[in-house]
Amino acid sequence: MPLVVYEIRTARDCRAFVHPGRAIPPGGNGAVVAWCDTSFAAGRFERKVTVYSSDPTHERVVLALRAEVAARVFAEPPEVYAGFLGPGDEVPRKISLRSASPDAAVTKVRSSGAVLEPRLEDGPKGPQVVLRVRPEARAGDFEETVVVEWTGGLVLRVPVVGTVRNGEKP
């Protein structure tokens with residue numbers, strides 16, 4: 001009777017599949033092929049892949065993927081939850097920018113949408129991005145990306161989500 005892999009669960013930034021297929025014959029070989037998007041990661045990176053199969057002694061197996069991501073440029077935090085903000089409000093969390101190269105410099109900062117207005121300023125540990133909700137922003141949920149362009153053609157993307165409330169305070 002073949003070993004059948006019923007399901008593979010991963011983190012949202014990872015993907016996995018069984019090669020050559022979900023049914024592995026007795027004495028046959030198979031592999032779980034997994035990869036993760038590390039474009040928003042720097043430093044230690046760990047994800048889990050859970051494999052569910054027909055093996056009666058190991059119906060569920062958890063695989064740990066560990067890596068050290070050496071990013072040339074990175075942001076802290078790598079993604080931002082802005083919370084509930086009104087038009088004109090500043091996002092409480094600043095985005096600190098870092099580079100592995102002392103020669104790298106930020107050349108441009110922009111937002112992918114119509115809600116956030118990013119501004120580059122000097123922070124205590126280097127450049128940082130301050131975000132403000134545009135005064136004309138409409139009320140509702142938003143999901144935008146802050147795009148940071150560096151010398152040498154490097155581009156860093158930082159996802160930002162939140163909600164613009166109408167003019168009333170919560």
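Mentor: Let's begin with burial. Keep in mind that this is a predicted model. In the protein chain, 31% of the 170 residues are buried.

Trainee: What overall make-up of helices and strands does the protein chain have?

Mentor: The count is 0 helices and 14 strands. Read along the sequence, that gives one β after another: β-β-β-β-β-β-β-β-β-β-β-β-β-β. The radius of gyration is 22 Å, well over the 15 Å that the globule rule gives for 170 residues, so the protein chain is more spread out than a compact globule. Along its principal axes, the C-alpha trace spans about 65 × 45 × 25 Å.

Trainee: And what share of the contacts comes from residues 24 or more positions apart?

Mentor: Counting contacts with a separation of 6 or more, 53% of them join residues 24 or more positions apart. As for the surface, the protein chain exposes about 10600 Å², and carbon and sulfur atoms supply 51% of that.

Trainee: In which sense do β8 and β14 pair, parallel or antiparallel?

Mentor: Parallel: β8 and β14 (residues 155-164) pair that way over 5 bridges. To find the spot on screen, look for Phe-84, which stands opposite Thr-163 in β14. On the other hand, β13 (residues 140-150) and β14 run antiparallel and are joined by 10 bridges. There, Thr-145 stands opposite Pro-159 in β14.

Trainee: What should I look for where β13 turns into β14?

Mentor: Check the backbone angles in the turn. This hairpin has 4 residues between its strands, and Gly-152 takes a positive phi near 80 degrees. For another hairpin, go to β5 and β6, with 6 residues between them. Strands β5 (residues 43-53) and β6 (residues 60-69) run antiparallel, joined by 10 bridges. Arg-47 stands opposite Leu-65 in β6.

Trainee: How do I read a nonpolar core?

Mentor: Here's the general idea: in soluble globular proteins, nonpolar side chains tend to be buried together. In this model, the largest nonpolar core has 25 residues, and those with the most contacts inside it are Ile-95, Leu-97, Val-146 and Val-148. The elements giving two or more residues to this core are β7 (73-76), β8, β9, β10, β12 (126-133), β13 and β14. Apart from this core lies another, of 6 residues, among them Val-5, Val-18, Ile-24 and Val-49.

Trainee: Which residues is Val-146 in contact with, beyond its neighbours within four places in sequence?

Mentor: Val-146 is in contact with Ile-95, Val-109, Arg-110, Val-129, Leu-131, Leu-156, Arg-157, Val-158 and Val-160.

Trainee: Is Ser-96 buried or exposed?

Mentor: Compare its relative accessibility with the cut-off: buried means under 20%. Ser-96 has 17%, so it counts as buried. This residue lies in β9 (residues 95-99). Leaving aside neighbours within four places in sequence, Ser-96 is in contact with Phe-74, Ala-75, Glu-76, Pro-127 and Gln-128.

Trainee: What about Lys-108: what is its relative accessible area?

Mentor: That one is 42%, so Lys-108 is partly exposed. Lys-108 is in strand β10. Beyond neighbours within four places in sequence, Lys-108 is in contact with Val-147, Val-148 and Glu-149. For a sense of scale, Lys-108 and Phe-17 are 91 residues apart in sequence and 39 Å apart in space, C-alpha to C-alpha.

Trainee: One last feature. Which residues does a cis peptide bond join?

Mentor: Omega is the angle to check. Pro-20 sits in the loop between β2 (14-19) and β3 (23-24). Another joins Glu-76 and Pro-77, with omega about 5 degrees. You'll find Pro-77 in the loop between β7 and β8.

Definitions and conventions:
Residues are numbered from 1 along each chain as its sequence is written. This is a predicted model: local features need pLDDT of at least 70, side-chain atom pairs count only at pLDDT 80 or more; totals for chains, interfaces and linings use all residues. Side-chain values use heavy atoms; hydrogens and water are left out. Two strands pair if DSSP finds at least two bridges between them. The radius of gyration is taken over C-alpha atoms; the globule rule is 2.2 Å times the number of residues to the power 0.38. Buried means under 20% relative accessible area, exposed over 50%, partly exposed in between (1.4 Å probe, protein chains only). Contact means heavy atoms within 4.5 Å. Accessible areas come from the Shrake-Rupley method with a 1.4 Å probe; for residues, only the protein chains shown count as cover. A nonpolar core is a set of buried Ala, Val, Leu, Ile, Met, Phe, Trp, Tyr and Cys residues joined through side-chain atoms within 4.5 Å.
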